[in-house]
Amino acid sequence: KQISYGKYPKVSLAKARERHQEAQTLLSDGIDPVQHRRKQRAEPAMAGITLKEVSEEFFTSKSEWSARTLKSETLRAKNHVYPAIGSKPIKEITKAEIVAVLQALEADNLAPTAVKVKSLLSQIFRYAEIREIVPVSPMYALRGVLKAPVERNFSAIKCPKRLGKALLAIDQYENPITRCALQLIAITF
């Protein structure tokens with residue numbers, strides 16, 4: 001690889017030698033000087049990027065998602081994430097702030113939504129980590145932070161006689177569309 005330290009009149013020979021020595025030091029430490037310089041130039045630009053900006057960039061990168069999925073995930077972010085931590089720089093968001101958002105959803109009896117928001121935030125932070133906007137995703141340490149959603153069992157007809165009566169009632173239902181839908185459900189249950 002070649003690296004330039006600047007043009008001659010602007011950068012003196014002594015300054016170029018100094019920069020060359022710094023590059024040699026980086027190489028001896030196993031760091032690519034070109035990548036190191038690019039990273040240093042990009043850091044000030046990425047320092048103030050908010051979670052909202054990163055998530056919008058993340059959503060635009062998800063071309064494989066269906067329009068419905070994209071809309072629901074975007075709405076989930078707008079309704080539950082942006083009001084609390086969307087305007088903060090993504091590098092400054094702590095695990096405690098994320099936990100507070102998730103636990104607020106749980107407290108509002110929205111445990112399934114909390115699980116989905118946690119999954120969405122994991123994807124956004126993983127995207128930010130890949131783009132080197134954040135050094136490490138804070139979501140790795142949040143496994144098990146949410147309570148397991150309570151499973152609800154719905155009633156079912158277990159008696160054969162009651163099932164027969166229910167099927168007869170379905171056959172006599174007035175609305176033909178509803179009758180066909182109920183018959184299909186009964187056939188495929």
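Which residue forms a salt bridge with E97? In this model, which is predicted, the partner is K88, and the closest N and O atoms of the two are 2.6 Å apart. E97 is partly exposed, at 23% relative accessibility. K88 is partly exposed as well, with 24%.

I will stay with salt bridges for a moment. The count comes to five. Another one of them joins E73 and R76, with 2.8 Å from N to O. Both residues belong to helix 4, three residues apart, or about one turn of the helix. As a general point, an α-helix has 3.6 residues a turn, so residues three or four places apart point the same way. Are E73 and R76 buried or exposed? E73 has a relative accessibility of 14%, and the cut-off for buried is under 20%, so E73 counts as buried. R76, at 16%, is buried by that cut-off too. Leaving aside neighbours within four places in sequence, R76 is in contact with V81, K116 and V117.

A further bridge links K62 to E64, with the closest N and O atoms 3.4 Å apart. Here K62 is partly exposed, at 21%, while E64 is exposed, at 56%.

Now to helix 6. This helix covers residues 111–130, which makes 20 residues. From its first C-alpha to its last, helix 6 reaches 29 Å, close to the 28 Å expected at 1.5 Å a residue. Its buried residues include T113, A114, V117, K118, L120 and L121. Further along, S122, I124, F125, Y127 and A128 are also buried. What covers them? The cover includes helix 3 (51–61), helix 4 (67–86) and helix 5 (95–107). Two names on that list come up elsewhere: V117 is one of the contacts of R76, and A114 is touched by E106. After helix 6 comes E132, with a positive phi near 60°.

E106 itself lies in helix 5. At 16% relative accessibility, E106 counts as buried. Not counting residues up to four places away in sequence, E106 touches A111, A114, L146 and K147.

Next, the aromatic residues. The structure holds four aromatic pairs. In one of these, F58 with F59, the ring centres are 5.7 Å apart and the planes are at 55°, so the pair is tilted. F58 and F59 are both buried. Together with W65 and Y127, they form one aromatic cluster. Y127 is among the buried residues of helix 6.

T50 is in the loop between helix 2 (33–46) and helix 3. Its relative accessible area is 15%, so T50 is buried. Which residues does T50 contact, beyond neighbours within four places in sequence? They are G86, S87, K88, P89 and I90. K88 is the residue from the opening, the salt-bridge partner of E97. By contrast, the C-alpha atoms of T50 and E151, 101 residues apart along the chain, are separated by 36 Å.

Last, the surface. I157, L163, L167 and F189 form a nonpolar patch there, with about 400 Å² of accessible area together. I157 sits in the loop between helix 6 and helix 7 (160–171). With a relative accessibility of 38%, I157 counts as partly exposed.

Terms used:
Residues are numbered from 1 along each chain as its sequence is written. This is a predicted model: local features need pLDDT of at least 70, side-chain atom pairs count only at pLDDT 80 or more; totals for chains, interfaces and linings use all residues. Side-chain values use heavy atoms; hydrogens and water are left out. Helices (H or I, at least four residues) and strands (E, at least two) are DSSP runs, numbered from the N terminus. The expected span of a helix is 1.5 Å times one less than its number of residues. Buried means under 20% relative accessible area, exposed over 50%, partly exposed in between (1.4 Å probe, protein chains only). Contact means heavy atoms within 4.5 Å. Patches are made of residues with over 30% relative accessible area and no salt bridge: like charges are joined within 9 Å, nonpolar side chains (Val, Leu, Ile, Met, Phe, Trp, Tyr) within 5 Å. Accessible areas come from the Shrake-Rupley method with a 1.4 Å probe; for residues, only the protein chains shown count as cover. A salt bridge is a side-chain nitrogen of Lys or Arg within 4 Å of a carboxyl oxygen of Asp or Glu. Rings of Phe, Tyr and Trp (its six-membered ring) pair if their centres lie within 6.5 Å; planes under 30 degrees apart count as stacked, over 60 as edge-to-face and the rest as tilted.
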